[in-house]
Amino acid sequence: MKYKDYYEILGVKKDASDSAIKSAYRKLARKYHPDVNKEKGAGERFKDINEAYEVLSDKNKRTRYDNLGSNWQAGADFDPTGNFGGFDFSQFTRGNGQYQTYGQDFGGFSDFFSTIFGDLMGGASASRGGFQGQNFEDLYGSLNRGNQRTSSKRSQKPQKAENLDIAQDVILSLDDISNKDKVTVSVSYFDKCKQCDGKKGFCPNCMGTGIVKNSKNLTVKIPKPIKDGQKIRLKGEGKSNEYGESGDLYLTIKIKDKEFEISGFDLSKEIEITPPEAVLGCKKEIIIRNEKINITIPPKTNTGKTLRLKGMGLPKDDGTYGNLNIKTKIVLPENITDEEIELYRKLYKNKFAN
C-alpha cells in the first residue's frame, strides 16, 4: 500500500500548530464537501481530508505517524510488517501477510490508516462486527471485556447532570408590552454536535468544532404587568439530550423604546421647543400607546425643565401606573429670516445693552 502524507493533504507544515491544522481542515472540508462540490474525485478528496485531520488533530496518532514518517516518504510502498515508533504492526497480518482490520473499513478510512491506527480504533470498530477470523480475546485478552464495560456505561445516564437550560435576553418595546398579548421570540444557542457527539474530529456537520448553533422561533405570552429585568421561564424549551430530557428556557425582559426612556415604571421623553415657545408657552402633542396627548408648556420654560404627568407610565403590580416625565430642550428654528434676526438684535440691545 502507498504511504499517505497527511501534512501534504491538509497543506500544512510538519510543525504546524493545532489551530493551523484545524483551520486548514475546516477550509478544505467546506470546499470538498460532497453536498457542495460535485466535481469528480471530490468525494475521495473529502475522505482524505477527514482522515488526515483525524490523525493530525490527535496527539497520540500524530506522534505515531511522525515516527513512521521519518522512515517513509509520500508515495512509497508501505510494508505493515515492520516496527515503527515502538509499535509492531506484524500482529495485524495473517497467512499471506495481507492486513486484516477490526471492522469493514473504519468508517471509510483507508487501509493505510487502519494498518497504523487499528489498535486505537478498536472501540469504534467493535460495533461493526468485530475482528474478522479472530476475536478480541485472542489478540488483547481483556480488551473485549473493557469495551463491554464502556458500552454498558454509555447506556446509562452520566452521574454529573448536563446543564440543559438556556438563558437569553428579550427586547420588548413600549408597544409590545402595552398593546400585545404575545410576541415572537427568536432563540439562538450553541449545543453539542449530535452527529459526532461533541467529540470534534472529522465531522462535516460541525466542521470539527464539536459545537453547532441552533435557533428556533417561539410565541411567548407577555405577562401583565411586566417590568424591565423580569424573568420568564418556559419549561422544556431548553436543550435536549440523548436520554430524552429537556432543560428550560429563561428569558430576561429588556424594555427599550425609540421614543421613550424607561426607568422602572416611569417613562421619560425629551421634546424640543423654540425660544418664543419657551418664553410665551405653548402646547405640544405626543403619541403614547397609540394615543395622542396634548402637553401644556408653561411660559418662561428653560431647557431641562421636567413636567411630570402622573399615572401615564407603565402599570405596576398594585394596579397603579408610573409617571411620564417630559423634559424640555430649547432649539433654534431651522430657518431664521433676516427680519427675525433683526428683531432678536433689537431685543438684545434693549435687554442687555449697557
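Q: Why is Y344 called partly exposed?
A: The relative accessible area of Y344 is 36%, and since buried means under 20% and exposed over 50%, with partly exposed in between (1.4 Å probe, protein chains only), the value of 36% places Y344 in the partly exposed class. This is a predicted model, in which local features need pLDDT of at least 70 and side-chain atom pairs count only at pLDDT 80 or more, while totals for chains, interfaces and linings use all residues. Residues are numbered from 1 along each chain as its sequence is written, and side-chain values use heavy atoms, with hydrogens and water left out.

Q: What makes L332, I336, I341, Y344 and L347 a nonpolar patch?
A: A patch takes residues with over 30% relative accessible area and no salt bridge, joining like charges within 9 Å and nonpolar side chains (Val, Leu, Ile, Met, Phe, Trp, Tyr) within 5 Å. L332, I336, I341, Y344 and L347 form such a patch on the surface, together giving about 460 Å² of accessible area, a quantity that comes from the Shrake-Rupley method with a 1.4 Å probe, where for residues only the protein chains shown count as cover. Y344 itself lies in helix α11, residues 338-352, where helices (H or I, at least four residues) and strands (E, at least two) are DSSP runs numbered from the N terminus.

Q: How many aromatic pairs does the rule give?
A: The count is three aromatic pairs, where rings of Phe, Tyr and Trp (its six-membered ring) pair if their centres lie within 6.5 Å, and planes under 30 degrees apart count as stacked, over 60 as edge-to-face and the rest as tilted.

Q: Why does the pair of Y6 and Y65 count as tilted?
A: The ring centres of Y6 and Y65 are 4.8 Å apart and the planes stand at 40°, so the pair is tilted. Y6 belongs to helix α1 (residues 6-10) and Y65 to helix α4 (residues 59-69), so the pair ties together parts 59 residues apart in sequence. Both Y6 and Y65 are buried.

Q: Why is the pair of Y25 and Y53 called stacked?
A: For Y25 and Y53 the centres are 4.1 Å apart and the planes at 15°, an angle that falls under the limit for stacking, so the pair is stacked. This pair links distant parts of the chain, with Y25 in helix α2 (residues 18-32) and Y53 in helix α3 (residues 42-56), 28 residues apart. Y25 and Y53 are both buried.

Q: How do you know that the charged end of R45 sits over the ring of Y32?
A: A charge sits over a ring if NZ of Lys or CZ of Arg is within 6 Å of the ring centre and within 35 degrees of the ring normal. The charged end of R45 is 4.9 Å from the centre of the Y32 ring, and the charged end of K269 likewise sits over the ring of F260, 5.4 Å from its centre.

Q: What makes D48 and K4 a salt bridge?
A: A salt bridge is a side-chain nitrogen of Lys or Arg within 4 Å of a carboxyl oxygen of Asp or Glu, and the closest N and O atoms of D48 and K4 are 2.9 Å apart. D48 lies in helix α3 and K4 in the segment before α1, 44 residues apart, so that distant parts of the chain are linked. The structure holds twelve salt bridges.
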